[in-house]
Amino acid sequence: MGQWDVFLSPYKQAVDELKVKLKGMRSQFGIVNANSPIEFVTGRVKPLASIYDKSLQKGVPFEPSDKLATELQDIAGVRIMCQFVDDITTVTELIRQRDDMNVIEEKDYITHSKPSGYRSHHIIIEYPVETIQGQKIVVAEIQIRTLAMNFWASIEHSLNYKYKGEFPEIIKQRLQNAAEAAFRLDEEMSQIRSEIQEAQAYFSEYKEDPAVLNNSEKERENS
């Protein structure tokens, strides 16, 4: 096993464990028949090419080291998607209350978006991983955002690679406009949150109850 495999192994373990635990939070809301603030959870370990790029930006040698682990706080990354902006606050508070991870920093890019228009809430945590060499504290980043914010960020990320961070002015302006439009959409959806959740609950019941499905089919035949 190479040096990078050894260095990144605890990060991979941390991502796998965090995904299971955060998905477990989502399931617990279903058990008590409550609307979950978590829509879905994804995670990844930063690819070596991305680690290399960021190490250049930070002025850190591109080699497995404690300095690299300290300076790059997002080698392990987990992303939590929410339906509504208010859910982000709920999820953030749930993470702060957990005993199995330690919040060391938060970055609120929702109240104070980046100049590009980027919005998300970032939480930097210390997470203990049990390895055959003993316990290792891994620094990981949890990003919490709405589906609309995530769509915008995915597009911006792709364009950033294409233009290598140097966006043409017209593209930059359109991205900013799109970010504002996405945020207005989030705000509008929050205004009708109760209606949306009632409709989703009805739709879920409709799919799972054969009797409801059969009655609906009969109504369509008789109409």
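Let's start with arginine 26, which sits in helix H1, a stretch covering residues 3-31. Keep in mind as you look around that this is a predicted model. Is arginine 26 buried, exposed or partly exposed? Its relative accessibility is 37%, so arginine 26 counts as partly exposed. Leaving aside residues up to four places away in sequence, arginine 26 touches Ser36, Ile38, Glu39 and Phe40. Valine 91 and arginine 26 are 65 residues apart along the chain, and their C-alpha atoms are separated by 10.0 Å.

Next, find the strands. Strand S2 spans residues 76-82, and six of its seven residues are buried, so you'll see that this strand is mostly covered. What does S2 pair with? One partner is strand S1, made of residues 40-45; the two run antiparallel and are joined by six bridges. To pick out one of these bridges, go to arginine 44, whose bridge partner in S2 is glycine 77. Strand S5, residues 134-146, also pairs with S2, but here the strands run parallel, with seven bridges joining them. Here you can look for cysteine 82, whose bridge partner in S5 is threonine 146. While you're looking at strands, here's a handy rule: in a regular strand, side chains alternate between the two faces of the sheet.

Now for the charged side chains. How many salt bridges does the structure hold? There are nine. One of them joins glutamate 106 and arginine 96, with their closest N and O atoms 2.8 Å apart. This pair links distant parts of the chain, since glutamate 106 belongs to strand S3 (residues 102-108) and arginine 96 to helix H4 (residues 85-96), 10 residues apart. Glutamate 106 has a relative accessibility of 30%, so it counts as partly exposed. Arginine 96 also counts as partly exposed, because its relative accessibility is 43%.

Another salt bridge is formed by arginine 119 and glutamate 180, and here the closest N and O atoms are 3.3 Å apart. Arginine 119 lies in the loop between S3 and strand S4 (121-131), while glutamate 180 is in helix H6 (residues 169-191), so the pair ties together parts that are 61 residues apart in sequence. Is arginine 119 buried or exposed? At 11% relative accessibility it counts as buried, because the cut-off for that label is under 20%. Glutamate 180, with a relative accessible area of 33%, is partly exposed.

Stay in helix H6 for one more pair. The side chains of glutamate 169 and lysine 172 meet in a salt bridge, at 3.9 Å from N to O. These two are three residues apart in the helix, so about one helical turn separates them. Glutamate 169 has a relative accessibility of 54%, so it counts as exposed. Lysine 172 comes in at 33%, which means that it counts as partly exposed.

Which residues are linked in a network of salt bridges? They are Lys21, Arg98 and Asp100.

Technical notes: Residues are numbered from 1 along each chain as its sequence is written. This is a predicted model: local features need pLDDT of at least 70, side-chain atom pairs count only at pLDDT 80 or more; totals for chains, interfaces and linings use all residues. Side-chain values use heavy atoms; hydrogens and water are left out. A salt bridge is a side-chain nitrogen of Lys or Arg within 4 Å of a carboxyl oxygen of Asp or Glu. Helices (H or I, at least four residues) and strands (E, at least two) are DSSP runs, numbered from the N terminus. Buried means under 20% relative accessible area, exposed over 50%, partly exposed in between (1.4 Å probe, protein chains only). Two strands pair if DSSP finds at least two bridges between them. Contact means heavy atoms within 4.5 Å.
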